[in-house]
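Q: I am new to this structure. Could you take me through how the helices pack and what the pocket looks like?

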Amino acid sequence: MKLLRGYYAYLAIAGGWLLRLVLQDNWMLQIVAFALISAGALSLQRVSRWFMRASIAADVCIGFEVVCGSAVLPPSLFRMALEYASLVPLLLTGCMLLFAYMEQMRAGERGTIIEWLIFVVWSAGFILTLLMSPGWLNDYALALVVTAINTLTVIGYIALLADTFRAQKEYIRTEGNEP
């Protein structure tokens, strides 16, 4: 039963990231995506303490999605500032899940270089977004940074999604071997 629950928890996390990537313009489905990530991570909290932290960060992301939703706040400077602020818990959610995957790979005596590479790509996309938000880049630099952000963000989502399935496979391998 524990193995089956863990299997579905990883599927919930992967489904949340996929929903987050595919339906970025629908704020209600973004809430559902974060709820899936949070529920999946909370179900795996006994595997690593990082899963519990990722669940809390995903819950904070839900709060930001609710407050920044079009039905709550009209377009304004305050809403834009909150949208940029909401990138921080999103960044932390992905990083904490990657740390949980790293801990799981170390427990299974696997290498963690893939998680570190995904961590760099994931973080770089969001950090560049936060750095360009004040608007002090010229037009040429802004175009380059926006291209880099779009590329890094999509690669980060896809890599995090793929690594979720890699961690799921490791979870099944290690939990299936336990008596």
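The conversation below covers helix packing and then the pocket.

Q: What kind of model is this, and how are the residues numbered?
A: This is a predicted model, in which local features need pLDDT of at least 70 and side-chain atom pairs count only at pLDDT 80 or more, while totals for chains, interfaces and linings use all residues. Residues are numbered from 1 along each chain as its sequence is written, and side-chain values use heavy atoms, with hydrogens and water left out.

Q: At what angle do α2 and α3 pack?
A: Helix α2 (residues 27-43) and helix α3 (residues 49-68) pack at about 165 degrees, and their axes are 8 Å apart. Axes are lines fitted to C-alpha atoms, for helices over the stretch in contact, and angles run from 0 to 180 degrees between N-to-C directions. Helices are DSSP runs (H or I, at least four residues) numbered from the N terminus.

Q: Parallel or antiparallel, then?
A: α2 and α3 are therefore roughly antiparallel to each other, a term for angles over 145 degrees.

Q: Which residues meet there?
A: On the α2 side, they include Trp27, Ile31, Phe34 and Leu42. Their partners in α3 include Phe51, Met52, Ile62 and Val66. Contact means heavy atoms within 4.5 Å. By class, this contact has 14 nonpolar, 3 polar and 2 charged residues. Ala, Val, Leu, Ile, Met, Phe, Trp, Tyr, Cys and Pro count as nonpolar, Asp, Glu, Lys and Arg as charged, and the others, Gly among them, as polar.

Q: How do α3 and α4 cross?
A: The axes of α3 and α4 cross at roughly 160 degrees and come within 10 Å. The two helices are therefore roughly antiparallel to each other. Phe64, Val67 and Cys68 of α3 meet Arg79, Leu82, Glu83 and Ala85 of α4. This contact has 5 nonpolar, no polar and 2 charged residues.

Q: What about α1 and α5?
A: Helix α1 (residues 2-22) packs with α5 at an angle of about 145 degrees, the axes being 13 Å apart. Tyr10, Ile13, Trp17 and Arg20 of α1 take part, and Leu90 and Tyr101 are among the residues from α5.

Q: Changing topic, how much space is in the largest pocket?
A: The largest pocket holds about 760 Å³. On a 1 Å grid over the protein atoms alone, a pocket is an open set of points where a 1.4 Å probe fits, with protein on both sides within 12 Å along at least five of seven lines; lining residues have an atom within 4 Å of a point. Grid points are joined across faces, edges and corners, and the volume is the space filled by probe spheres set on the points.

Q: Which residues lie nearest its centre?
A: Of the 29 lining residues, Arg20, Gln24, Glu83, Ser86 and Leu87 lie nearest the centre of the largest pocket. The largest share of the lining, 6 residues, comes from α7. By class, the lining divides into 15 nonpolar, 9 polar and 5 charged residues.

Notes:
Parallel < 35°, antiparallel > 145°, perpendicular 65-115°, else oblique.
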